[in-house]
Amino acid sequence: MLGFRTSRHRLASALAVFGLVTTGAAVQASAPAAAATTHRVLFDNGHAETAGNADWIISTSQPDPLGQDSSPSSETDWTGALSSWGVALQKTGDYSLRTLPAGSGLTYGATAATDLSNFDELVLPEPNTLFTTAEKTAIMTFVKNGGGLFMISDHTGADRNNDGYDAVEIFNDLMTDNSVDSTDPFGFSIDTLDVGSGYPAAISDSTNPVLHGSFGTVTKSLIADGTTATLKPSDNSAVKGLVYRSGYSGNTGAFFATSTFGSGKVAFWGDSSPIDDGTGQSGNTLYDGWNDTGATNAALALNATEWLAGAGGTGGGGGGGTCTAGQLLANPGFESGSTSWTASSGVITNSTGEAARTGSYKAWTDGYGSAHTDTLAQTVTVASGCAATLNFYLHVDTAETTTSTAYDTLKVQVLNSAGTVLSTLATYSNLNAASGYTLRSFNLSAYAGQTVTVKFTGTEGSTLQTSFVLDDTALNVS
């Protein structure tokens, strides 16, 4: 719908106060909420993780590994090539571990004990069958609503069950063909490679909770027939490479990467060999990457698990401290008019010229077809030790016909208390016009311990309207 405004007709009624704020999540199951002291992790075995010579399970007792040994002290107390990983978590006393058994499907918002709504983190250790349409919706919604997703791939061609699909294809399919967001939601794609061997090195970042977590410091990983990822920060600014194949840096050759989506977190690892402890069920050919002395694979796996599950003191934010999880923006869906927002006159409106994503109100910047600037801002304090993610839904429509020139723009920025721009997170334009709303996500963890202003500035040229319409904002911390 073209939202051209013939005049500043947005009335003061747009500032009326309503008592209900709607969230409008596409699949409105409850977000995964971490238990007080126990972090709940589900390991997948529903997608041929034990096909061929693979053995990517923490225990043969499924769904509950405690059925094999209720108090494991060594990795051989549980049977599986991932038993070292499972036992190490179990021995902390801070984790509740379960396995999705073979023959089961992933769900979100159902009644099964293994439903994703009962967990803080999902580990996908080299799946070998495609996720169904319903499963992809479940996974993506789980992450969007605050869950942690650990994607462990292998090299292209590692089709252990000979069904025509390997983990590279399966993960790329998840990210590009789902009903929640198929527009590069995590900011990376997995490369169709088979990299023979090496010890990819970690970047230098002493504040990163995955590289420097409670389980140790990560210096190197192991690659023994694996792959890498290509990062696309223009699609998701939160994506970050942590470990790189030798000779690579920046957006190529990332062997281990992290990102966020909605309120959740994502980690990618390009090979299953680093998590293999060399033991498992009889007849499987395994490699002990977990204990490889040339790498720090155990620390990487465990720190990443901790970060994804919302455990640990820093929660992915800067400088330590304790974070109380929550959503910081007041009046996030604009249903209470201009309450808590600083906005140009008439920006927050229930005008029918542009549809709200949910409810009746939205923030509509520009759309006049003449030189014009609108702003929208809110100031928040991100506590020290918090991981922070800014989310909002954006709809852009335009009367511009060019496919190459950005005449009208919307800048998304973070400012300090003095009004100085700390970061321009993104700039959208008439070139981003599309039907419907698109979820945009940005990692603001770098601003933990600070009071900052999130500001949107829409600037329109002299002719032909472009409307930038925002709804259902959130600044989630954990």
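Helices here are DSSP runs of H or I with at least four residues and strands are runs of E with at least two, numbered from the N terminus. On that count, the chain you have open holds 4 helices and 25 strands. This is a predicted model, so local features need pLDDT of at least 70 and side-chain atom pairs count only at pLDDT 80 or more, while totals for chains, interfaces and linings use all residues. Residues are numbered from 1 along each chain as its sequence is written, and side-chain values use heavy atoms, with hydrogens and water left out.

**Whole chain**

Start with everything selected. The chain exposes about 17500 Å², with carbon and sulfur atoms supplying 49% of that; the areas come from the Shrake-Rupley method with a 1.4 Å probe, and for residues only the protein chains shown count as cover. Now look at contacts, meaning heavy atoms within 4.5 Å. Among those with a separation of 6 or more, 75% join residues 24 or more positions apart.

**Helix H2**

Next, select 133-144. That's H2, whose 12 residues reach 17 Å from first C-alpha to last, close to the 16 Å expected at 1.5 Å a residue (the expected span is 1.5 Å times one less than the number of residues). Color by burial and H2 turns out mostly covered, with 10 of its 12 residues buried. Among them are Ile139, Met140, Phe142 and Val143, but also Glu135, Lys136 and Lys144. Step past the helix to Gly146, where phi is positive, near 120°.

**The five-stranded sheet**

Now bring up the open, antiparallel sheet, ordered E16-E19-E24-E21-E22. E16 (342-343) and E22 (421-429) are the edges: each has a single partner strand, so one side of each is left without a neighbour in the sheet. Strands pair if DSSP finds at least two bridges between them. For a close-up, show 409-415 and 450-460: these are E21 and E24, running antiparallel and joined by 7 bridges. Pick Val412 and you'll find its bridge partner in E24, Phe456.

**Thr466**

Last stop: strand E25 (466-477), where you'll want Thr466. Buried or exposed? Thr466 counts as buried, at 0% relative accessibility. Its side chain makes a polar contact with the side chain of Asp408 at 2.5 Å (a pair of N or O atoms within 3.5 Å; within protein, one must be able to donate a hydrogen and the other to accept it, and residues adjacent in sequence count only if both atoms are side-chain atoms). Leaving out residues up to four places away in sequence, Thr466 also touches others, including Thr365, Gly367, Val396, Asn430 and Glu460.

Key. Buried < 20%, exposed > 50% of the residue type's maximum accessible area, 1.4 Å probe, protein only.
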